[in-house]
Amino acid sequence: MTDTPKRPVPQPGILKIAPYVPGRSDTPAGVKLVKLSANESPLGASPRAIEAVREAAGRIEIYPDGSSRELRVALGEVHGLAPERIVCGFGSDDILHLLAQVYLGEGDEAVMSQYGFNVYPIITRGASAEIIMVPETDYRADVDALLAAVTPRTRILFLANPNNPTGTYLPIAEVERLQRGLRPDILFVLDSAYAEYVTAEDYSEGIDLVNASDNVVMVRTFSKMGIAGERVGWMYGPDHVVDAVNRIRGPFNVSLSGQAAAAAAARDVAFTAKLRDHNARWRSWLTAALQSNAIRVPPSQGNFVLALFEDVATAKAAFAALRDKGLLVREMHGYGIPDALRISIGLEEHMRAVVEILKAFGAPGASN
Ligand SMILES: *Cc1c(COP(=O)(O)O)cnc(C)c1O
């Protein structure tokens, strides 16, 4: 007979989870904070989304629509999708958790890339499954290595494209090759959180791939597009996945104001374009400026860049120098890249200030 535990015991895997460390938001007293640590919009939210939240404030005594119908209709219109195949969540985090809960259990494995988004290991362990971490090549996901890591126990493969925190992406031909190499019973979770910011012509957010297969789900978020505070994300997938996820999700999992804000933001394609244009311009400017100071930057398609310093001490010193001026960027210890800092693309003056400060932290003699 086994001993009865003396207190409630979490399921296997839960206590192995390293707690998620969000972007810091502390600066020295009296210094104005410029947050470049969480990939938020530097141009605020769509004015239409703000107006929608104001309007929603007059109705908060009622439950929201349980299926986020208006929002799914808006997304369907904007992206050319059937609303029935969309599920909304409180952030794409909600969606990712639900997918892990539905498709992973004890003894199962989830395959993910070495510097992939931090949430995938958390939800895998949260479902009592095992993490299979696959090495990258030059800070980019490696399709052959990912496929080689699949075992009979694999149930999910997670890929963020473009990836956070590296900013690198796989062209659609590579994503398709990855999908073709997976057994049909493995769910391919394609996290296109930064799709709106991509300018590369050989990229696709994955809608055609979802339509052409039975095991691909595309996950999206509004967080990087100006309404992180409202917590809205969504997925587009095959009917059978949508059905399974809908059975388990919270019946009112997206708030009234969140649905209203996201629907307005989705329809405000001019604001989305404005964000994308601002981002593309300052992303290339920041990349070039850092590289000309001998700071390595993997080519980014997101709304941030990863700056790679000579060593951990230089990265730490650069972080502190930026923070002293109120410029808060993201340290990368949690991702196993302690010699790097992730810098969100912000306003022009803040990008110029970052470069000015980082001039002192390049690696002399390094080649880019
Ligand atoms: C920010 C981010 C998300 C989303 O987050 P939510 O705010 O929960 O919608 C998802 N995936 C990646 C890769 C991200 O960087």
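## Ligand site

A polar contact is a pair of N or O atoms within 3.5 Å. The model is predicted. In it, the side chain of Arg231 places an N or O atom 2.7 Å from an oxygen atom of the ligand. Ser223 does likewise with its side chain, at 2.5 Å from a ligand oxygen atom. For the side chain of Asn164, the distance from an N or O atom to an oxygen atom of the ligand is 2.8 Å. The protein buries 93% of the 380 Å² that the ligand exposes when taken alone.

There are 13 residues around the ligand. Those that come nearest are Asp191, Tyr194, Thr221, Ser223 and Lys224. By class, the shell holds 4 nonpolar, 5 polar and 4 charged residues. Helix H3, residues 91–103, gives the most to this shell, with 3 residues.

Pro165 sits in the loop between S5 and H6.

Another cis bond runs from Asn161 to Pro162, with omega near -5°. Pro162 lies in the loop between strand S5 (154–160) and helix H6 (172–180).

## A positive phi

Asn39 is not a glycine, yet its phi is positive, at about 55°. The residue belongs to the loop between strand S1 (34–35) and helix H1 (47–56).

Strands of a sheet pair through backbone hydrogen bonds, either parallel or antiparallel. Here, an open sheet of 3 strands runs in the order S9-S12-S11, with antiparallel pairing. Strand S9 (304–308) and strand S11 (330–331) stand at the edges. Each has a single partner strand, so one side of each is left without a neighbour in the sheet.

S11 pairs with strand S12, residues 340–344, over 2 bridges in the antiparallel sense. Glu331 has Leu341 of S12 as its bridge partner.

## Helices on the sheet

Which strands does helix H10 touch? Helix H10, residues 269–292, packs on the sheet and touches S9 and S12. The direction of H10 makes about 10° with that of S9.

Helix H11, residues 312–324, packs on the sheet too, touching S11 and S12. The direction of H11 makes about 35° with that of S12.

Terms used
Residues are numbered from 1 along each chain as its sequence is written. This is a predicted model: local features need pLDDT of at least 70, side-chain atom pairs count only at pLDDT 80 or more; totals for chains, interfaces and linings use all residues. Side-chain values use heavy atoms; hydrogens and water are left out. Two strands pair if DSSP finds at least two bridges between them. Helices (H or I, at least four residues) and strands (E, at least two) are DSSP runs, numbered from the N terminus. Contact means heavy atoms within 4.5 Å. Axes are lines fitted to C-alpha atoms, for helices over the stretch in contact, and angles run from 0 to 180 degrees between N-to-C directions. A residue is near a molecule or strand if one of its heavy atoms lies within 4 Å of it. A polar contact is a pair of N or O atoms within 3.5 Å; within protein, one must be able to donate a hydrogen and the other to accept it, and residues adjacent in sequence count only if both atoms are side-chain atoms. Accessible areas come from the Shrake-Rupley method with a 1.4 Å probe; for residues, only the protein chains shown count as cover. Ala, Val, Leu, Ile, Met, Phe, Trp, Tyr, Cys and Pro count as nonpolar, Asp, Glu, Lys and Arg as charged, and the others, Gly among them, as polar.
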